[in-house]
Structure formats: C-alpha cells, structure tokens
Amino acid sequence: MALPNVSLEQARAEYEAGKVLMIDIREPQEHATGVAQGVVLLPMSQVAQRVAEIPKQADQPVLLICNTQNRSRAVTEALQEQGFTNIRYVNGGMSEWAKRGWPMVKPQDLVGPSKS
C-alpha cells in the first residue's frame, strides 16, 4: 500500500496557508542547519516517547518532514499502524527545501532566547 505523501510544493502551500501542522523529525544537529518558520521540532529518536504530542484527530492534518523522506516515510507508516489517519510525509524533505532557497530560520529563533 502506498503511504500518503505530498510534494514539497503542496506541503509548503498547505503549511503557509495554515491548513496543516508540519513536524520536522530530523535530529537536533540537523535542525541547527535551519528549519521552516513555525514548524514543530520533534526528533525521530523521540517520537515514540512523545507520540501524544502528535494530533490524532482526523480534522488536524499533519505533515512529517525529514532531510529527504526516508525517515518521515517510516514514521508515517509506524503512526498509521497506531491508528493515525491524518499523517502524510513530504517528498524531498528539508534538503530539497534548502536547495530551492525557501525561507528557513535557526531553531533557537523558534523558541526564543537560549538559556545559556
């Protein structure tokens, strides 16, 4: 069975229109290279422990994005097996997003000043 996915263009359009929640599942060292403004940061290594943070309601569509689409595809499959019906992964991922020169911010810009 093919997993539900969206093109990078469609993902950006839906995200910027406020129609979806986008979750970046790359690891923190990857987030440091830049993320989409307002995206939720939930590293793949923490998904199992933090699955309750992912909306399960059918009326709240969720997009998962990683660097290419390998991890987001795997997590989409795992979440579907847990009963999530509103999850899709983004083809191309953040590596393609960056290649296109689309807007990115540093993760600390999302969460305010650092505690150091």
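Predicted model: local features only at pLDDT ≥ 70, side-chain atom pairs only at ≥ 80, totals over all residues.
Residues are numbered from 1 along each chain as its sequence is written, and side-chain values use heavy atoms, with hydrogens and water left out.

Five strands form an open sheet with parallel pairing, in the order β1-β5-β4-β2-β3. Strands are DSSP runs of E with at least two residues, helices are runs of H or I with at least four, and both are numbered from the N terminus; two strands pair if DSSP finds at least two bridges between them. The edge strands, β1 and β3 (40–41), each pair on one side only. β1 is joined to β5 by two bridges, and Val-6 stands opposite Val-90 in β5. Helix α1 packs on this sheet, where it touches β1, β2, β4 and β5, and its direction makes about 125° with that of β5. Contact means heavy atoms within 4.5 Å; axes are lines fitted to C-alpha atoms, for helices over the stretch in contact, and angles run from 0 to 180 degrees between N-to-C directions. Helix α3 (residues 70–81) lies across β4 and β5 and runs at about 170° to β5.

The buried residues of α1 are Leu-8, Ala-11, Glu-14 and Tyr-15. They lie on the same side of α1, because they cover an arc of only 135° around the axis. Buried denotes under 20% relative accessible area, exposed over 50%, and partly exposed in between (1.4 Å probe, protein chains only); the arc is that of the directions from the helix axis to the C-beta atoms.

The largest nonpolar core has 16 residues, and Met-22, Leu-63, Ile-65, Val-90 and Trp-97 have the most contacts inside it. Such a core is a set of buried Ala, Val, Leu, Ile, Met, Phe, Trp, Tyr and Cys residues joined through side-chain atoms within 4.5 Å. α1 gives the most to this core, with three residues.

Eight salt bridges are present in the structure, each defined by a side-chain nitrogen of Lys or Arg within 4 Å of a carboxyl oxygen of Asp or Glu. Glu-30 and Arg-71 meet in one of these, at 2.8 Å from N to O. This pair links distant parts of the chain, with Glu-30 in helix α2 (residues 28–31) and Arg-71 in helix α3, 41 residues apart.
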